[in-house]
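Good morning, and thank you for making time. I shall go through one structure, moving from a helix and its surroundings to the chain contact and then to individual side chains.

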Protein chains: 2
Amino acid sequence: MKRDGSIVRIGIDLGGSNIAAGLLDIDGGLAYKCKVKTDTSSESAVLRGLADVVFDVMHACGLDAGIIDSIGVACPGAVNSERGIVEYSANLPLCGADIRTALSSAVCVDADKVRIANDADAAALGEYRAGVGKGTENFMLVTLGTGVGAGCICGGKMLSGRGHSAGELGHTVIVYGGEQCACGRRGCAEQYCSASALKRQTKAKIEACERDGIFTSMKKLVADNGGRISARTAFIAAADSDTAAREVVDAYISYLSCMLTNFINIFAPEVLAIGGGVSGEGERLLAPLRERVYGEMYDRKRPRELYTRIECAALGNDAGIVGAAMI
Amino acid sequence: MKRDGSIVRIGIDLGGSNIAAGLLDIDGGLAYKCKVKTDTSSESAVLRGLADVVFDVMHACGLDAGIIDSIGVACPGAVNSERGIVEYSANLPLCGADIRTALSSAVCVDADKVRIANDADAAALGEYRAGVGKGTENFMLVTLGTGVGAGCICGGKMLSGRGHSAGELGHTVIVYGGEQCACGRRGCAEQYCSASALKRQTKAKIEACERDGIFTSMKKLVADNGGRISARTAFIAAADSDTAAREVVDAYISYLSCMLTNFINIFAPEVLAIGGGVSGEGERLLAPLRERVYGEMYDRKRPRELYTRIECAALGNDAGIVGAAMI
């Protein structure tokens with residue numbers, strides 16, 4: 001039930017693995033959250049999942065459909081916010097899906113209360129309004145996961161571009177003629193700075209060590225992890241003074257600082273937040289990263305208090321839900 | 001004199017070589033323009049030059065100081081628009097110069113009528129309001145000259161960033177570990193895509209041809225031009241089927257398309273305008289550039305009418321004056 005005139009906002013983060021949802025509280029936190037596995041077998045299966053999490057929130061929080069002020073959905077891919085449609089999605093069967101119409105009729109909420117946005121934009125909005133970007137005018141969230149995602153707020157406004165195509169920051173070339181990227185270009189930042197790239201770099205180093213008969217503690221870490229290389233492998237071994245791992249981490253941070261310095265020279269945000277799996281390294285990642293970025297960004301001669309603050313994202317996995325609820 | 005209630009706006013483009021000024025007409029054109037050489041010997045000499053061009057406009061157009069609605073000054077460097085101060089300028093003795101106070105008292109115009117902006121931003125504003133960006137919401141002007149300058153309008157708003165530091169697009173690395181840039185980084189786009197870079201690339205190719213005994217018509221073009229290599233040398237010879245020149249042009253366009261595709265993936269403007277000396281090549285530059293950019297930009301599967309239009313800047317050298325008058 002709706003009490004004391006507060007606004008009832010539900011946020012949904014639609015991912016390739018899970019659909020997470022929550023009810024926003026007054027402080028920008030989540031009063032309740034839930035999730036289901038994403039059934040990626042068809043468009044209608046995905047849409048059913050969206051309705052399921054909304055019913056879960058309504059039931060758990062005792063909300064009638066009529067009392068809901070907004071439902072926001074954060075979707076991967078190219079999203080047409082005005083029309084409420086996913087125009088293109090690489091990972092989900094949602095090309096052309098009319099999320100707004102489908103979800104509003106499934107849960108009996110007016111269509112104009114259902115809003116959708118790109119997932120990276122929604123996460124950036126969440127961090128900007130309720131996380132580490134609070135109080136800034138210029139903010140960006142860079143997510144290091146399977147790819148490199150980014151959402152930018154410039155002068156208090158989400159960067160959108162014509163046809164909502166802006167913000168593909170992972171697909172900016174930093175190594176001319178470099179590694180082939182799935183987007184068709186060579187040398188995209190995503191091929192050097194994503195968590196997946198770090199895993200590939202770690203794997204290549206372990207193989208090189210094996211080939212050259214050099215010891216590395218990364219081998220045991222991988223064996224202990226069921227044979228799986230993770231984005232943490234090199235960081236853990238490097239903290240334990242493993243030379244090969246140190247080389248992997250140094251090279252990774254060098255690429256990452258190159259990409260982030262580009263972004264800072266372009267956008268000059270007050271805060272640049274790093275999210276995604278790699279950001280779990282915290283200061284082990286941030287301290288050397290700041291040193292490099294602050295040593296080469298264009299306006300480094302400005303007073304230190306004007307420097308872009310480089311921080312870990314504060315909302316973690318909730319940023320998408322919180323941001324979606326705030327669309 | 002002021003007639004029919006029209007607004008009297010004067011724009012000044014303060015450059016390292018000339019100070020140009022003009023009176024804006026109702027259509028966004030210039031009713032009158034003039035220029036003086038920039039006396040770079042001191043801050044007061046530069047400021048005197050600014051007052052001189054304003055007096056010239058006032059005299060030629062029969063304007064009293066009291067009738068002037070605004071004077072805008074486009075300045076190179078880091079400009080604090082709120083305070084009317086140049087915070088940093090690499091090429092002019094203006095670090096800390098209070099342009100607003102000095103100019104307003106010199107020409108007897110209220111201080112709040114004097115506005116200043118970065119020169120690249122002002123030129124972009126001019127093209128956006130009165131040139132090739134007219135009618136767009138997302139626009140960028142990339143100027144290929146001594147360096148690579150850029151001004152971006154995102155969702156109708158000038159990209160500014162904290163401390164007006166945004167928009168240093170020439171100082172984004174596209175060749176990791178590449179050519180040393182004056183900014184301290186290696187591999188900045190400016191080192192590959194500016195007119196200066198094209199001249200260096202042309203010089204290197206002519207020298208390589210001499211060393212290897214290969215004929216190139218670029219040698220005669222340079223000799224005919226008083227021994228000076230220009231940004232046009234390779235383009236002219238390439239149009240005349242010179243193989244070595246063709247290689248220079250192809251490599252240059254490859255770097256340029258890499259940089260511009262980065263910008264389009266980031267900003268997705270409706271129009272990206274190219275200004276500066278190199279843009280004088282017109283379709284000789286634009287046609288192959290579009291082919292490459294449209295072949296690799298991230299949203300190339302969108303309908304063609306949604307593509308970023310790549311055009312030459314329309315206002316040429318007047319963009320700075322027109323934009324300054326519109327600040």
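The buried residues of helix 1 of chain A are covered by elements of chain A that include strand 1 (9-14), strand 2 (18-24), strand 3 (30-37), strand 4 (70-75) and helix 2 (99-107). Helices (H or I, at least four residues) and strands (E, at least two) are DSSP runs, numbered from the N terminus, and contact means heavy atoms within 4.5 Å. Please keep in mind that this is a predicted model, in which local features need pLDDT of at least 70 and side-chain atom pairs count only at pLDDT 80 or more, whereas totals for chains, interfaces and linings use all residues. Residues are numbered from 1 along each chain as its sequence is written, chains are lettered from A and ligands numbered from 1 in the order in which they are written, and side-chain values use heavy atoms, with hydrogens and water left out.

Which residues of helix 1 of chain A are buried? Among them are Ala45(A), Leu47(A), Leu50(A), Val54(A) and Met58(A). Buried here means under 20% relative accessible area, exposed means over 50%, and partly exposed lies in between (1.4 Å probe, protein chains only). Helix 1 of chain A runs over residues 43-61, 19 residues in total, and spans 28 Å from its first C-alpha to its last, close to the expected 27 Å. That expectation is 1.5 Å times one less than the number of residues. Just after helix 1 of chain A comes Gly62(A), with a positive phi of about 65°.

I turn to the contact between the chains. Chain A contributes 45 residues and chain B contributes 45 residues. Between them, chain A and chain B bury about 3,900 Å², 50% of it on carbon and sulfur atoms; buried area is the accessible area (1.4 Å probe) that two parts lose on being put together, summed over both.

How many salt bridges are counted between chain A and chain B? There are 6, a salt bridge being a side-chain nitrogen of Lys or Arg within 4 Å of a carboxyl oxygen of Asp or Glu. Arg162(A) and Asp299(B) meet in a salt bridge through their side chains, at 2.7 Å from N to O. Polar contacts between chain A and chain B number 39 residue pairs, both residues at pLDDT 80 or more. A polar contact is a pair of N or O atoms within 3.5 Å; within protein, one must be able to donate a hydrogen and the other to accept it, and residues adjacent in sequence count only if both atoms are side-chain atoms. On the side of chain A that touches chain B, the largest share, 10 residues, comes from helix 8 (residues 243-267) of chain A.

Helix 8 of chain A also holds a pair of its own. Arg246(A) and Asp250(A) form a salt bridge whose closest N and O atoms are 3.2 Å apart. Because they are 4 residues apart in helix 8 of chain A, about one helical turn separates them. Arg246(A) is partly exposed at 35% relative accessible area, and Asp250(A) is partly exposed at 36%.

Ser241(A) lies in the loop between helix 7 (233-239) and helix 8 of chain A. Its phi is near 65°, a positive value in a residue other than glycine, and Ser241(A) is exposed, at 64% relative accessibility. In chain B, His164(B) is likewise not a glycine and has a positive phi of about 55°. His164(B) sits in the loop between strand 10 (157-158) and helix 4 of chain B and is partly exposed at 25%.

Is Gln191(B) buried or exposed? Gln191(B), in helix 4 (residues 190-193) of chain B, is buried at 13% relative accessible area. Its side chain joins that of Arg200(B) in a polar contact of 3.0 Å.

Finally, the salt bridges over all chains come to 28. One of these joins Asp318(B) to Lys33(B), with the closest N and O atoms 2.7 Å apart. This pair links distant parts of the chain, 285 residues apart: Asp318(B) is in the loop between strand 12 (309-312) and helix 10 (319-325) of chain B, and Lys33(B) is in strand 3 (residues 30-37) of chain B. In chain A, salt bridges link Glu283(A), Arg290(A), Arg309(A) and Glu311(A) in a network.
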